[in-house]
Amino acid sequence: MAEESWHEARLIPTSGINGAEEQERRATSALLAVLSAVKEFGRGFVKPFGAPAGTLECFIEVPFILGEQRLYPDGLIRVTRGSNTWTALVEVKTGPNQLATQQLENYLDIARDNAYDAVITISNEIPAVAGQHPTKVDKRKLKKVALHHVAWSEVLAEAVMQKEFRGVADPDQAWILGELIRYLEHTKSGALEFDDMGEAWVGVRDQVTTGTLRSNDKGIAEVVARFDALLRFASLQLGRQLGTEVVPVLSRKEAADPLVRAQALTQSLCTTGQLSGAIRIPDTVGHLVVTADLRAGRVTCHVDVESPREGRPTTRVNWLVRQLKNAPDGTRVEAFVAHARGSQAAELLSAVRENPNSLVLDPAKELRSFRLAVSGNLGTKRGRGRGSFIDSVLTTVDAFYVDVLGNLRAWSAAPPKLRPVSVEPVDLDDSVPPALVSTDYSSQDGAEEASDEYRASDTVAAASSEYPTSALHSDAD
């Protein structure tokens, strides 16, 4: 047999997984073992839940007695620091399996009876809002025990960021973490990506198309929640590739009360047929806004960019165009002026490249900002694959970042320059005795000439298509 067909031995193999129970047991054991073996990864996992920095121990299928029942939570995590101990029960689901309310309430009771701190659940369910749990439980059971949820997508993103970007000090531990990543990325692991818009998707989609959708229709709440979950998944996927924390943007009211966000999306879907949300990517010029128009069958990503605060309107347009070398010609560019509603002009990038003045309808008005937008066909299928809603959104988001947003740099003013100062008074009559001279050099001497020189240099820079970096910091790295 050719050596090319040999399979390399893996620390966490995917072979031999014959059902959901075996899948969950292996995923639980693999994750908990790596949490305790790789210090940086283990600390990063439990820190958001309030665990102290200390010795981390993990166990699987620990037996407990609750009433007349003998129950086996999938795992237990214990962190010890001096005389303080933090303990959490772990419940894991893989594949399409969902968490059960009764099971979680039983584990909350066990945690309360044993004075444990938390119950952590891991599944492929992605809540619409970070920090929200996908399963409803009796809130009275949460008085003494915290309930946390982590999606497998988050676990994978955290593992990749720790290994590839933050780093692992011990090479052997880094290799172990890499083996966990390989396992979770395998289709047999059960750590699935976001792959379904839900059972209500088709019905709601058709109602939007026909204009018959109402806010109290059955299924609209599920579709709205799934769209926000998709934005969270897109953020995790993008953050995993960039090595930074990418999160959906929520207002204070939406973060405090998820119902506010759900109502806004429901209203928008019923009246305009659109679902929209924004993503925050660190160190970019603005939020990446995603809009899915179900009626028009288009998905659009856009970003708003502040214009330079100096230079002529054409100068400001050229500053933007020079940063869009890799952007597609079909990118829509809108220009906004001060003290006006809506955009002053909108053109495709191909036209703006040929004629920057196409965005300047009134040279007397100050350009304040630009909006760059890229659109694509919106899929309609509820699952993954060609023609699916999920893939069309994810593809457009990634392409927009690579081609447009990732190349933009915010404008910053050049530092002020010192005006040349002459230390000797000029145009003095040498025949006049020094004792009779009543004038000395002033900062105003030659001020008009210097001012004229500054204005002339600014005019030359504005008329040129190549501006010095000191005048407009516009060149993309």
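Start by selecting strand β5, residues 84-92, together with strand β6, residues 118-123: the two run parallel and are joined by five bridges. The model on screen is a predicted one.

Keep both strands shown and pick out single residues. L89 sits opposite V119 of β6. E91 faces T121, also in β6.

Taken together, β5, α3 and β6 form a β-α-β unit that is right-handed.

Now colour β6 by burial. Six of its six residues are buried, so the strand is mostly covered.

Move on to β7. This strand pairs with β6 in the parallel sense, over six bridges. To see one of the pairings, select S123 and its bridge partner in β7, A151.

Then show helix α4, residues 152-166. Here too the helix lies across β5, β6 and β7, and it runs at about 70° to β7.

Finally, display the whole sheet. It is open and has five strands in the order β1-β4-β5-β6-β7, with mixed pairing. Which strands are at the edges? They are β1, residues 55-60, and β7, residues 146-151, each of which pairs on one side only. Viewed along the sheet, the twist from one strand to the next averages 20°.

Conventions
Residues are numbered from 1 along each chain as its sequence is written. This is a predicted model: local features need pLDDT of at least 70, side-chain atom pairs count only at pLDDT 80 or more; totals for chains, interfaces and linings use all residues. Side-chain values use heavy atoms; hydrogens and water are left out. Two strands pair if DSSP finds at least two bridges between them. Helices (H or I, at least four residues) and strands (E, at least two) are DSSP runs, numbered from the N terminus. Axes are lines fitted to C-alpha atoms, for helices over the stretch in contact, and angles run from 0 to 180 degrees between N-to-C directions. Contact means heavy atoms within 4.5 Å. Buried means under 20% relative accessible area, exposed over 50%, partly exposed in between (1.4 Å probe, protein chains only). A crossover is right-handed if, with the strands pointing away from the viewer, the path from the first strand over the helix to the second runs clockwise.
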